[in-house]
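Please look at the sequence and the structure below.

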Amino acid sequence: MSEWFESLDGIFAQLWTGLEQGVADRNAPARHPTIATVSVDGWPETRMVVLRAATRETGGLEVHTDITSAKVASLRAQPRAELHVWDSEKRLQTRARCTVTMTSGVAAAEIWKNVPDPGRQSYGITPPPGHPIATALAYEKRPLLDSFAVLTCQIDRIDAVYLGAAHRRAVFVRKDCWAGQWCAP
Ligand SMILES: Cc1cc2nc3c(=O)[nH]c(=O)nc-3n(C[C@H](O)[C@H](O)[C@H](O)COP(=O)(O)O)c2cc1C
């Protein structure tokens, strides 16, 4: 029987299983992807987030954030992001290039209803995230639907690198119906 990393279909299935595990299991590697955006002045910027949904059928990922955060300003200017996951057990790196749409206010109310209270504490910081403050704890948390934003990331391209005894790299593109292409690693 062949190993999952020996076929394009096997790698594609394995990386999606990893993303789905990230949503379901707080200890899974894909629980905390790094999401990269481009700042309004053109700098690359990365930060860790929690992966809230991963839907293989639509090729979609979901992340929640504070609407006043810098990443939201960046995504308003340039609705592009890349999510990065390294699964050290599988020896698999996944990079998902995405087009991001943002939902907030009443449109996000249904999702907000299902955010547990500890999670809500992350949305509604005063002053907004990244603002200078006089001392380390000179901020308040006022969880508010108005501060909550859902980032819906439609994956356009996935670059997967498997670092086994022989390195393998595969690229999957939405417009090619995710057919997959081997690439030099
Ligand atoms: C383990 C971990 C999980 C995090 N999860 C989120 C998250 O789900 N959403 C979020 O906006 N920030 C999350 N953060 C905070 C971000 O990494 C970042 O500091 C914050 O969003 C501000 O980023 P920005 O100024 O680039 O927008 C998390 C940080 C860590 C360390």
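This is a predicted model: local features need pLDDT of at least 70, side-chain atom pairs count only at pLDDT 80 or more; totals for chains, interfaces and linings use all residues.

Residues are numbered from 1 along each chain as its sequence is written, and side-chain values use heavy atoms, with hydrogens and water left out.

A pair of aromatic rings is described by the distance of the centres and the angle of the planes. Rings of Phe, Tyr and Trp (its six-membered ring) pair if their centres lie within 6.5 Å; planes under 30 degrees apart count as stacked, over 60 as edge-to-face and the rest as tilted. By this rule there are 8 aromatic pairs. In one of them, Trp112 and Tyr123 have ring centres 6.3 Å apart and planes at 65°, so the pair is edge-to-face. Trp112 is in helix H3 (residues 109-113), while Tyr123 is 11 residues away in the loop between helix H4 (117-120) and E7. Helices (H or I, at least four residues) and strands (E, at least two) are DSSP runs, numbered from the N terminus.

Trp112 also pairs with Phe148: the centres are 5.0 Å apart and the planes at 50°, so this pair is tilted. Phe148 belongs to strand E9 (residues 148-163), 36 residues from Trp112. Buried means under 20% relative accessible area, exposed over 50%, and partly exposed in between (1.4 Å probe, protein chains only). Trp112, at 9%, is buried, and Tyr123, at 4%, is buried too.

Elsewhere, Ile133 is partly exposed because its relative accessible area is 35%. Ile133 sits in the loop between strand E7 (125-126) and strand E8 (140-141).
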